[in-house]
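Subject: Structure for your review

Dear colleague,

Please find below the structure that I am handing over to you. I would be grateful if you could read the notes that follow with the structure open beside them.

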Amino acid sequence: MTFHSRNPEETHSWAIRLAKKLKPGDILCLYGNLGSGKTTFVKGLAEGLKIKPNSVSSPTFVLMNAYDGRLALYHFDFYRIEHQEEIVGIGYDEFLFGKGVAVVEWAERFGKYLPPERLDLHFDYVGETGRTIRVAAIGERYERLIKEL
Ligand SMILES: Nc1ncnc2c1ncn2[C@@H]1O[C@H](COP(=O)(O)OP(=O)(O)OP(=O)(O)O)[C@@H](O)[C@H]1O
Ligand SMILES: [Mg+2]
């Protein structure tokens, strides 16, 4: 499935809509270049989960930020990961397989720790303010989720 976004607001509102369908333990893996809209998407997710506006920033130095909303949101950003072992070091599995929703920017850096079942979202540029978001479900739970979108 592919979502075509014409501007940041569309990415944001699409993420709000997706957030309403999320359940505890859901994992969203985000891929795409710098500035392709991953954090913009996460801010929409946060709003959809009723997390206090403007609390979301990129977890540049800490790898993960946790927010409280309808569900907890664990926001990971692996851009600065150099060794996969750092992922294990922050106890990622406790968050990924817990009661909240996990969203991971630069999920390709998971390497061998990439969760086996997940929703993959690939962000691509289409001009200055156009983006495509290609969505792929890995596992039954996520196939059902995609059908609801
Ligand atoms: N359709 C669009 N969807 C999302 N962002 C867009 C769109 N068009 C333009 N933008 C702009 O592109 C930028 C996206 O930045 P954002 O921080 O979301 O990217 P990112 O993928 O998280 O980058 P990074 O890898 O550096 O974390 C913002 O400045 C946003 O306003
Ligand atoms: Mg980002």
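This is a predicted model: local features need pLDDT of at least 70, side-chain atom pairs count only at pLDDT 80 or more; totals for chains, interfaces and linings use all residues.

Seven strands form an open sheet with mixed pairing, in the order S1-S7-S6-S2-S5-S4-S3. Strands S1 and S3 (64-67) stand at its edges with a single partner strand each, so one side of each has no neighbour in the sheet. On average, and with direction ignored, neighbouring strands of this sheet are turned by 20° against each other.

At one end of that order, S1 pairs with strand S7 (residues 130-138) in the antiparallel sense, over four bridges. Within this pairing, His 4 stands opposite Thr 132 in S7. Strand S7 also pairs with strand S6 (residues 118-126), again in the antiparallel sense, over nine bridges. Here Arg 118 is found opposite Ile 138 of S7.

The side chains of a regular strand alternate between the two faces of the sheet. Strand S1 (residues 2-5) has one covered face, with Phe 3 and Ser 5, and one uncovered face, with Thr 2 and His 4.

The largest pocket

The volume of the largest pocket is about 300 Å³. Its lining comprises 21 residues, and those nearest the centre are Gly 35, Ser 36, Gly 37, Lys 38 and Thr 39.

Helix H2 gives the most to the lining, with three residues.

The magnesium site

Thr 39, already named among the residues nearest the centre of the largest pocket, is also one of the protein donors of the magnesium ion (ligand 2). These donors are Thr 39, through OG1, and Glu 105, through OE, and they lie 2.1 to 2.2 Å from the ion. The pair links distant parts of the chain, since Thr 39 belongs to helix H2 and Glu 105 to strand S5 (residues 101-105), 66 residues apart. Are these two residues buried or exposed? Both Thr 39 and Glu 105 are buried.

In the sheet order given above, the strand that carries Glu 105 stands between S2 and S4.

With kind regards

Technical notes. Residues are numbered from 1 along each chain as its sequence is written. Chains are lettered from A and ligands numbered from 1 in the order in which they are written. Side-chain values use heavy atoms; hydrogens and water are left out. On a 1 Å grid over the protein atoms alone, a cavity is a set of points where a 1.4 Å probe fits but cannot get out, and a pocket is an open set with protein on both sides within 12 Å along at least five of seven lines; lining residues have an atom within 4 Å of a point. Grid points are joined across faces, edges and corners, and a volume is the space filled by probe spheres set on the points. Helices (H or I, at least four residues) and strands (E, at least two) are DSSP runs, numbered from the N terminus. Donors are N, O and S atoms within 2.8 Å of the metal (3.2 Å for Na, K and Ca); water is not among the atoms, so sites may look incomplete. Buried means under 20% relative accessible area, exposed over 50%, partly exposed in between (1.4 Å probe, protein chains only). Two strands pair if DSSP finds at least two bridges between them. Axes are lines fitted to C-alpha atoms, for helices over the stretch in contact, and angles run from 0 to 180 degrees between N-to-C directions.
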